[in-house]
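Subject: Structure handover

Hello,

Here is the structure you asked about. Please open it alongside this note, and then read on for what was found.

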Amino acid sequence: MNANTRERSTVSNIMRSLHNRSRLTLADRYYHEALEKGYRGELQFDALVESLTCDHIYLKDLRLKYYRKTFQIDSLLLVGNKAYIYEVKNYEGEYEIKGDRLLLSSTKVEVPDPMVQLQRSMSLFRQLLHHFQLPIDVEGYVIFINEKMALHNMPKSQYLLKSMTVKQLGAINKTTEKVSQKNKRLAKHLLASLQEEKPYDDLPDYSFETMKKGMLCKHCFGHLERLSMRRSFCQRCRQTEDLSESIYRSIVEFRDLFPEKKLTTKIIHEWCGSIPSTYMVTQVLKKHYNRHKRHRWTYFE
Ligand SMILES: [Zn+2]
C-alpha cells in the first residue's frame, strides 16, 4: 500500500524555475541537474517497490524530527514487523570506496557518501521508534539505482546496485506475513509528525526583477505564447493548453518563488509576461484564491 505520494521538493521546483528564467552559475546548474536526476532515480525506485505484491506499507519523502534534529528518509518500506530504510541515489559512472571515502574513479575526487546520511537517519529513526515505544527491526540500504553506475571495492554490506536491489526486493516479496500492528501504528505516527520543508536556505539569490517573465510549458518548460483567447501554445514542443491552466501554474510557481509577495493582478500579469489579459488573470486569481480589499488595493490569498 502506498501511504503517501512523492512530491517534487520546493527546492527542485524553484531551481527548475531559476534554470528556465535566469542565468545560473555553473555550480547552480550542476545543483539543478543533480536534483532533477535524483528525483528521477527516486521515481524509478518507487516503481520497483510499487510492483511488490506482498502485504506492505510504503512511505516516501519523510521529513522528520527527533528533538531538535531533523532528518529525511527517501523511502521507508514496512513489511511484517520490519522497517527498511532506503537512501536512493542516481549516480552514474565509475566510483570506488577507499577507506571510508567514496571517490570518483577517474579523478579520485571525493563525493558525498550517501552512507553517512543513511547512518545518521537510521540512528535518529531508531531513537524515534524508542520514543514511540515501538520495538521494530530496522535495516538500511544505499541504493544506486542507475544501471550505468559501477562501484569498485564495494564492501559487502548496505550498498546495493540496481540488480542487487531487484534481488533484495524479490526476497522481501516472498514474505507471507501481514504488516504488523506495530508497523501500522508507526506509519500513522510518522504521517502525523511530518515536518515542513524549509527550502530557502539551500537556494542561490534571486529576485523578481531579474527573472525572465512569461509562462512555462508543463511538458518541456519552454516559454508559452498565446494561441487564441483561451489557448496557449509552446513554441518548443508545440503542445497547446487552456490559457487559464497556464496562468494558474504560473501563479503556483510564483508563490513558491516569492512567498512573501502579495498576489495581485498586476504582479501576476507581469509575471506571465503580459501574455494573458489582466481580465483573465483576475478570473484565475478569483477562482483559486480569496479576494481581500484594503483601501484601494486588492490582493488574493
Ligand atoms: Zn513545451
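Start with two helices. The axes of helix H1 (residues 10-21) and helix H6 (residues 243-257) come within 10 Å and cross at roughly 110 degrees. That makes H1 roughly perpendicular to H6. Angles of 65 to 115 degrees count as roughly perpendicular, under 35 as roughly parallel, over 145 as roughly antiparallel and the rest as oblique. Axes are lines fitted to C-alpha atoms, for helices over the stretch in contact, and angles run from 0 to 180 degrees between N-to-C directions. Helices (H or I, at least four residues) and strands (E, at least two) are DSSP runs, numbered from the N terminus.

From H1, the residues Thr10, Asn13, Ile14 and Ser17 meet Glu253, Asp256 and Leu257 of H6. Contact here requires C-beta atoms, placed from the backbone, within 7 Å. By class, this contact of H1 with H6 has two nonpolar, three polar and two charged residues. Ala, Val, Leu, Ile, Met, Phe, Trp, Tyr, Cys and Pro count as nonpolar, Asp, Glu, Lys and Arg as charged, and the others, Gly among them, as polar.

Two notes on the source. This is a predicted model: local features need pLDDT of at least 70, side-chain atom pairs count only at pLDDT 80 or more, and totals for chains, interfaces and linings use all residues. Residues are numbered from 1 along each chain as its sequence is written.

**The five-stranded sheet**

Five strands form an open sheet with mixed pairing, in the order E1-E2-E3-E7-E9. E1 and E9 are the edge strands, each pairing on one side only. Two strands pair if DSSP finds at least two bridges between them. Neighbouring strands are turned by 40 degrees against each other on average, direction ignored.

E1 and E2 are antiparallel, over nine bridges. Leucine 59 has leucine 76 in E2 as its bridge partner. Two residues lie between the strands of this hairpin, where tyrosine 67 takes a positive phi near 50 degrees. E2 and E3 also run antiparallel, joined by five bridges. Valine 79 has lysine 82 in E3 as its bridge partner. E2 and E3 form a hairpin too, with two residues between them, and glycine 80 in the turn has a positive phi of about 55 degrees. E7 and E9 pair in the parallel sense, over three bridges. Isoleucine 143 stands opposite leucine 160 in E9.

Helices lie on this sheet. Helix H2 (residues 26-50) lies across E1, E2, E3 and E7, at about 145 degrees to E3. Helix H4 (residues 162-172) touches E2, E7 and E9, and its direction makes about 105 degrees with that of E9.

**The cores**

Which residues have the most contacts inside the largest nonpolar core? They are Leu59, Leu76, Leu78, Ile85, Tyr86, Val142 and Ile143, in a core of 29 residues. A nonpolar core is a set of buried Ala, Val, Leu, Ile, Met, Phe, Trp, Tyr and Cys residues joined through C-beta atoms within 7 Å. Buried means 20 or more other C-beta atoms within 10 Å of a residue's own, exposed means 12 or fewer, and partly exposed is in between. The largest share of this core, five residues, comes from E3. Isoleucine 85 touches Ile73, Leu76, Leu118, Ser121, Met122, Phe125, Val138 and Gly140, not counting residues up to four places away in sequence.

A second, separate core has 16 residues, including Cys234, Leu243, Ile275 and Val284.

**The three-stranded sheet**

Another open sheet runs E10-E11-E12, with antiparallel pairing. Strand E10 (224-226) and strand E12 (240-242) are its edges. The twist averages 35 degrees from one strand to the next. Three bridges link E10 to strand E11 (residues 231-234). Glutamate 225 has phenylalanine 233 in E11 as its bridge partner. H6 packs on this sheet and touches E10, E11 and E12, and its direction makes about 80 degrees with that of E12.

Most residues other than glycine have a negative phi. Aspartate 61 has a positive phi of about 50 degrees. Aspartate 61 sits in strand E1 and counts as partly exposed, with 18 C-beta neighbours inside 10 Å. Phenylalanine 221 has a positive phi of about 65 degrees. Phenylalanine 221 is in the loop between H5 and E10. With 16 other C-beta atoms within 10 Å, phenylalanine 221 is partly exposed.

Best wishes

How values were computed. Contact = placed C-beta atoms within 7 Å.
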